[in-house]
Amino acid sequence: MEVASPTNGANCGKRVWLITGCSSGLGHSIAVAALNRGDIVVATARDVCKLSSLAELGAQTRSLDVTWSEAEISQAIADFTLSTYGRIDVLVNNAGYILTGGVEECSRDEVQAVFNTNVFGQLNMIRAVLPLMRRHGSGIIANLGSIGGWYGTPGAGLYCATKACSSVLSEALRGEVAHLGIKVMAVEPGYTRTEFLAPNRRVRAGKIIEDLREGVDPTIKPLDAYDLKQPGDPDRAVQLIVEALTGRGLCAGLELPQRLLIGEDAYKIVRGRIEAHQSSWETWEGLSTTTNHDDVRTGS
């Protein structure tokens, strides 16, 4: 990937953001917040026509599908970011969607599609941007996970699995590039009042198994009623995300966490999961810790 020098010296003091999935939701709001702080934003989505409002605010809007080949993504980034600004300071991997349905109900194609966007799409962007960040010796990568990554919710297990992947991969990557001056963080919002749960934005597995209804319907049926009634305020969530990524405002002086939980409900859910696991670990500890070789257990 060829790296051009910034064409406008006046831009050197501004951060350059590259954000995926900006047509709606948190991606759109993060782009607006970064623009309001005077930074440069390259906002992307599969359909660039859905980014007109961001263009009016001053964002550079481009078509980008995170499931493109690595060569296509690298070339696109070189064409619409590096040729103009010469660098990317913040990558926000936001593109993603929710697949609902029981694990058995989700077909191979449906599972591959959601992993292609939610997991492999993030990896595609990371592989395209990291060489530039390494060359500059700085940069921040924020991968959008979810509170769902802490709990395999019946009826949304495949989505939760993608978000667990995102957070664990972020944690590994963080350790791999920290010495290069690059920071990595997983963002794990709770239930935030965006269009994410809108019926036309979530995907239901095409196959329905009657035997599984009792297990999956308690999750899937309430989604319509919960849509746009989530407790989290997206504006406040985005303010926290952007301040954390820039080290400004209330986040000034704080080290970027491995996982940024967002929302009172997120903390409640995670504490509940940890307590449940802790109880199980304690119940099984007496048996589970007897599996070492005898010479290891006795210290001989």
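Reader: How many bridges join strand β1 to strand β2?

Author: In general, the strands of a sheet pair through backbone hydrogen bonds, and that pairing may be parallel or antiparallel. In this structure, which is a predicted model, strand β1 (residues 16-19) and strand β2 (residues 40-45) run parallel and are joined by 4 bridges.

Reader: Are the residues of β2 buried or exposed?

Author: A residue counts as buried when its relative accessible area is under 20%. By that cut-off 6 of the 6 residues of β2 are buried, so the strand is largely enclosed by the rest of the structure. Ile40, Val42 and Thr44 point one way from β2, whereas Val41, Ala43 and Ala45 point the other way, and all of them are buried. For the protein as a whole, buried residues make up 46% of the 300 residues.

Reader: In what order do the strands form the open sheet?

Author: The sheet has 7 strands, which follow one another in the order β3-β2-β1-β4-β6-β7-β9 with parallel pairing. Its edge strands are β3 (60-63) and β9 (259-262), each of which pairs on one side only. Neighbouring strands of this sheet are turned against each other by 20° on average, direction ignored.

Reader: Which strands does helix α5 lie across, and which does helix α8 touch?

Author: To read such packing, one looks at which strands a helix meets and at the angle between the two directions. Helix α5 (residues 157-177) lies across β6 (139-144), β7 (182-189) and β9, and runs at about 160° to β7. Helix α8 (residues 234-246) also packs on the sheet, where it touches β1, β4 (90-93), β6, β7 and β9, and its direction makes about 160° with that of β9.

Reader: Where is the kink in α4 centred, and how far does this helix reach from its first C-alpha to its last?

Author: Helix α4 (residues 108-136) has 29 residues and reaches 40 Å between those two atoms, which is close to the 42 Å expected at 1.5 Å a residue. The kink in α4 is about 45° and is centred on Asn116. After α4 comes Gly137, whose phi is positive, near 70°.

Reader: How many helices and strands make up the secondary structure of the protein?

Author: There are 10 helices and 9 strands. Among contacts between residues at least 6 apart in sequence, 72% join residues at least 24 apart.

Methods. Residues are numbered from 1 along each chain as its sequence is written. This is a predicted model: local features need pLDDT of at least 70, side-chain atom pairs count only at pLDDT 80 or more; totals for chains, interfaces and linings use all residues. Side-chain values use heavy atoms; hydrogens and water are left out. Buried means under 20% relative accessible area, exposed over 50%, partly exposed in between (1.4 Å probe, protein chains only). Contact means heavy atoms within 4.5 Å. The expected span of a helix is 1.5 Å times one less than its number of residues. The bend at a residue is the angle between axes fitted to the seven residues ending there and the seven starting there. Two strands pair if DSSP finds at least two bridges between them. Axes are lines fitted to C-alpha atoms, for helices over the stretch in contact, and angles run from 0 to 180 degrees between N-to-C directions.
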